[in-house]
Amino acid sequence: MSNRDILLFSYGTLQLESVQQSSFGRLLGGEQDAMVGYRKDFVEITDPEVLRASGQRFHPVVVPTGKADDTVEGMVFAISAEELAAADAYEVSDYKRVEVALRSGKAAWVYVQA
C-alpha cells in the first residue's frame with residue numbers, strides 16, 4: 001500500500017489550490033469523475049479558518065436524491081491518511097464523510113450534507 005491509497009472525491013472547495021495548499025501543503029493531482037444519485041446545494045460557512053482558506057462564504061454541499069439522472073461532477077484525488085484527517089479538520093459540522101461509488105466504479109470518500 002502506498003501512502004496515498006485513499007480516494008477522496010471533491011465537488012467543491014477542496015479542488016481550490018488555496019485550500020489544497022493550506023490543508024495539505026501541496027497541490028493534489030486528480031481525475032474527473034462524478035457522483036450519481038446526488039444533487040448539489042449550498043451551505044453558508046461561518047468558520048473563520050475555512051472562510052480564510054476558501055475565500056467563499058457559501059460552499060457547495062451534496063444531498064442524495066436516489067435518481068440516476070442526478071449527477072455531481074468533480075475530481076477524485078489519491079491522498080494519505082494524514083491528508084484525509086486534514087480534510088476532516090477543514091470540513092465544518094454541516095458535512096459528514098461517507099464512502100460512495102463514483103460513476104467510474106471507484107469507491108471514494110466524500111463530504112455530504114450532515
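D41 is partly exposed, because its relative accessibility is 33%, between the 20% and 50% limits. Please bear in mind throughout that this is a predicted model. The partner of D41 in a salt bridge is R39, with 3.7 Å between the closest N and O atoms. R39 likewise counts as partly exposed, at 41% relative accessibility.

Another of them joins K106 to E31 through their side chains, at 2.6 Å from N to O. Here the pair links distant parts of the chain, 75 residues apart. K106 lies in the loop between β6 (95-101) and β7 (107-113), whereas E31 belongs to strand β2, residues 30-36. Are these two residues buried, exposed or partly exposed? K106 is partly exposed, with a relative accessible area of 29%, and E31 is also partly exposed, at 45%.

A further salt bridge is formed by R97 and D88, whose closest N and O atoms are 2.8 Å apart. R97 has a relative accessibility of 30% and is therefore partly exposed. D88, with a relative accessible area of 32%, is partly exposed as well.

Leaving aside residues up to four places away in sequence, Y95 touches Y11, V43, I45, H59, P60, V61, Y111, V112 and A114.

H59, one of those contacts of Y95, is located in strand β4, residues 58-64. Why does H59 count as buried? Its relative accessibility is 2%, and the limit for a buried residue is under 20%. The side chain of H59 also makes a polar contact with the side chain of S54, at 2.8 Å. With residues up to four places away in sequence again set aside, the residues that H59 touches include D41, V43, I45 and Y90.

Finally, the annotation. An unreviewed UniProt entry places the feature "domain: Gamma-glutamylcyclotransferase AIG2-like" at residues 8-113. Over that range the chain is 24% helix and 44% strand, and the end C-alpha atoms are 16 Å apart.

Terms used:
Residues are numbered from 1 along each chain as its sequence is written. This is a predicted model: local features need pLDDT of at least 70, side-chain atom pairs count only at pLDDT 80 or more; totals for chains, interfaces and linings use all residues. Side-chain values use heavy atoms; hydrogens and water are left out. Helices (H or I, at least four residues) and strands (E, at least two) are DSSP runs, numbered from the N terminus. Buried means under 20% relative accessible area, exposed over 50%, partly exposed in between (1.4 Å probe, protein chains only). A polar contact is a pair of N or O atoms within 3.5 Å; within protein, one must be able to donate a hydrogen and the other to accept it, and residues adjacent in sequence count only if both atoms are side-chain atoms. Contact means heavy atoms within 4.5 Å. UniProt positions are given in the numbering used here, feature names are shortened, and annotations may be inferred rather than shown by experiment. A salt bridge is a side-chain nitrogen of Lys or Arg within 4 Å of a carboxyl oxygen of Asp or Glu.
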